[in-house]
Structures are given as C-alpha cells and as structure tokens.
Amino acid sequence: MGITLYKNDLPDDIDLGKVIAVDTETMGLNPQRDRLCLVQLSSGDGNAHLVQMTDPSFEAPNLKKLISDPEVKKLFHFARFDIAILKYALGVDCPNIYCTKIASKLVRTYTDRHGLRHVCKELIGVDLNKQQQSSDWGAQELSSEQLNYAASDVYYLHQLRKKLDIMLEREGRMHIAQSCFDFIATRAQLDLDGWHYDIFEH
Ligand code: MN
C-alpha cells in the first residue's frame, strides 16, 4: 500500500480513473466551524493519494475538477458529512456518488453496526484500526499513524461496494439505494442550511 502526500491540491497530470474512493479529515464535525484538513483519494489499487490543506488560501483547482466531475463516481462511507464539508470548503457540488454506509443500512438489516470498521470486518475480513480518528488533523506535519489511518479509510471502499452491490441486487434494493445516493447532496445542503433534523418525520 503506497501513500502519496500532496500539499493544497492534486498534481494536474494525475489520473485516478472513473471510480474513486474519497474521504475527508477535518477539525471537527461542524463544516461551518471546522476546517477541511485532508482529502484522501484512492482508485482502489492499494494506493492512497492524500491532499493536505496547509495554506488557508488554497484554491485546489485539480481537486475541485475531480470532485465535481459527473463522469467520475465517488465512493464514500457516510457521504452526507463529506459532501457537506467539500461543498462548504471547496464550493463545489459532488455529483455521482455511492455511499457504503447507506448501502450497508439498506441490506445489513440484521445489525445496527454500520461503522466502516464493522462493515470492513464482516464483508471483507479486514481489521481497521480507528485509533487516530480523533486526532489533530490541523497539524502542519501529520504523523505516520495519522497518514496510515487516513489512507485506510479509502483503501477498501471499492471492495465494499462490490460486496454491497451483490447484496443490494439480491435483496432487490438497488433502485432505492440509487435514489438515496442521489438525495445525499440535498441532505448535505439541508445540514449546511441548518435543518439538522429529519424533515420527513411527523
Ligand atoms: Mn476518515
């Protein structure tokens, strides 16, 4: 597994293919308060490309182009948060997404454990170490533990999608899953605009 760290943007000649796993690390869970520190990308080949935001006035045109490209499918685990932070921090929409957490909730109805660690363990037998989840992602120099942790959040999403798609097909829930994925951008916008509760409930 190889990790490449870039500062403030991707290089302009990078080609990560048409299906990319994406994750973000931030200073906290409030997109309006807590800045974006790291964006992790993987094409599912065992390599991770990490973009660290060290310059407060970063522009990141190459990253924005990739995130906003409707021809590129982006795989997330809990896309709702990542889409909101990417919208707020980069000012771009992120079309064509797949969320392994939503897919898991739609098919793994025998459990309420949908965290990445649990889904990875059950579906692909991979043990993820989440120890660095809460750490100072704003540091100028990220530790090797932080970089390894951040990379591990994007390494397995392609494999998970493959397993989850088989289950979605088997249970006849592919269509509702796609509808949910298509709605996530709206859900994220509601979060940014202050509707944190479920507007569909009574
Ligand atoms: Mn993460």
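Lys7 is partly exposed, with a relative accessible area of 43% (buried is under 20%, exposed over 50% and partly exposed in between, using a 1.4 Å probe and protein chains only). The model is predicted, so local features need pLDDT of at least 70 and side-chain atom pairs count only at pLDDT 80 or more, while totals for chains, interfaces and linings use all residues. Residues are numbered from 1 along each chain as its sequence is written, and side-chain values use heavy atoms, without hydrogens and water.

Lys7 belongs to strand β1, residues 2-7 (strands are DSSP runs of E with at least two residues, helices runs of H or I with at least four, numbered from the N terminus). Beyond its neighbours within four places in sequence, Lys7 is in contact with Gln52, Thr54 and Gln140 (heavy atoms within 4.5 Å).

Now let's turn to the pockets. A pocket is an open set of points on a 1 Å grid over the protein atoms alone, where a 1.4 Å probe fits, with protein on both sides within 12 Å along at least five of seven lines; lining residues have an atom within 4 Å of a point. In the largest pocket, 27 residues form the lining, and Asp23, Lys130, Gln133, Tyr149 and Asp153 lie nearest the centre. Strand β2 gives the most to this lining of the largest pocket, with five residues.

As for the second largest pocket, its lining has 15 residues, with Arg80, Ile102, Phe183, Ile184 and Arg187 closest to the centre. Here α7 gives the most, again with five residues.
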